[in-house]
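Reader: Please give me a close look at one end of the chain, with the cut-offs stated where they matter. I would then like to see how that part sits beside the other contacts.

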Amino acid sequence: MKVYYFKVSENPEIHKDNLPESVLQHCKKKESFLAAQALIEMGAENLYYGDKNKPFADNCFVSISHSGDMVAVCTSDKPIGIDIEKIDRERDLSKIANRFYHGKELEDFKEKPTADLFFEIWTKKEAYSKIGGEGVGEVFKGFDVYSLKDYVFETEIIGEYVLSVCEAK
């Protein structure tokens, strides 16, 4: 597994001449171009986008996420998902947790209702969902990240952001 993250504001150059036509047709924002560029530099071959805007490569599994000024990408020889979120310390997150968290996730958040814990759980759920191409929605309430035994999670706090990667074992 390879993971790479960076600030968009610190990466002003987009090298569109290195990007395949399918990527050029798909990408609309600077974040998307930079993410695709980073994946190609990390060794992803023949990068393209499928259903639900999920990126694919011929030689590896890939995933992309961006939030605020940060972009995160990853590659692996196993199914993988990544999510990065800016920590919002001003918002009441309990309503969102009650709607989308399940089992131990909700128990842990109610016991320690901090923004850091909320976004740690949220990014894990979203990273796992990206493996199957699912997005945020009612599917979130249908699983508890603590019970997913066939997956490995890595989480890191990067300044005001939380980054989680989920990879199949």
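What is the relative accessible area of M1?

Author: M1 has a relative accessible area of 42%, and therefore counts as partly exposed (buried is under 20%, exposed over 50%, partly exposed in between, with a 1.4 Å probe and protein chains only). This is a predicted model, in which local features need pLDDT of at least 70 and side-chain atom pairs count only at pLDDT 80 or more, while totals for chains, interfaces and linings use all residues. Residues are numbered from 1 along each chain as its sequence is written, and side-chain values use heavy atoms, with hydrogens and water left out.

M1 belongs to the segment that precedes strand β1, residues 2–7 (helices, H or I, of at least four residues and strands, E, of at least two are DSSP runs, numbered from the N terminus). Together with V3 and Y5, M1 makes a nonpolar surface patch of about 240 Å² (patch residues have over 30% relative accessible area and no salt bridge; nonpolar side chains, namely Val, Leu, Ile, Met, Phe, Trp and Tyr, are joined within 5 Å, like charges within 9 Å; areas are Shrake-Rupley values with a 1.4 Å probe, only the protein chains shown counting as cover).

The aromatic rings come next, and a search of the whole structure finds 11 aromatic pairs (Phe, Tyr or six-membered Trp rings with centres within 6.5 Å; stacked under 30 degrees, edge-to-face over 60, otherwise tilted). One of them joins Y4 and F6 in a tilted arrangement, with 5.3 Å from centre to centre and 40° between the planes. Another pair, Y101 with F109, is edge-to-face, the centres lying 6.3 Å apart and the planes standing at 85°; both Y101 and F109 are buried. Y101 and F109 also belong to one aromatic cluster, whose other members are F100, F118, F119 and W122.

Rings also take part in contacts with charged side chains (NZ of Lys or CZ of Arg within 6 Å of the ring centre and within 35 degrees of the ring normal). The charged end of K16 sits over the ring of F33, at 4.6 Å from the ring's centre, and the charged end of K104 sits over the ring of Y146, at 5.3 Å from the centre. F33 is itself one of the buried residues of helix α2, a helix that is mostly covered, with nine of its 12 residues buried. Besides F33, the buried residues of α2 are E31, S32, L34, A35, A36, Q37, A38 and L39.

Turning to charged pairs, a search of the whole structure finds six salt bridges (a Lys or Arg side-chain nitrogen within 4 Å of an Asp or Glu carboxyl oxygen). Among them, E160 and R89 meet through their side chains at 3.5 Å, N to O. That pair links distant parts of the chain, 71 residues apart, since E160 lies in the loop between β7 (151–158) and β8 (161–168), and R89 in the loop between β6 (80–86) and α3 (94–100). E160 is partly exposed at a relative accessible area of 39%, and R89 is likewise partly exposed, at 44%. With D116, these two residues are linked in a network of salt bridges.

In another salt bridge, the closest N and O atoms of E105 and K125 are 2.8 Å apart. E105 is in helix α4 (residues 104–111) and K125 in helix α5 (residues 115–131), so this pair ties together parts that are 20 residues apart in sequence. E105 counts as buried at 0% relative accessibility, and K125 is buried too, with a relative accessible area of 0%.

E120 is partly exposed, its relative accessible area being 29%, while K124 counts as buried at 13% relative accessibility.

One last point of reference is A72, found in strand β5 (residues 70–76) and buried with a relative accessible area of 0%. The C-alpha atoms of A72 and L47 are separated by 16 Å, these residues being 25 residues apart along the chain.
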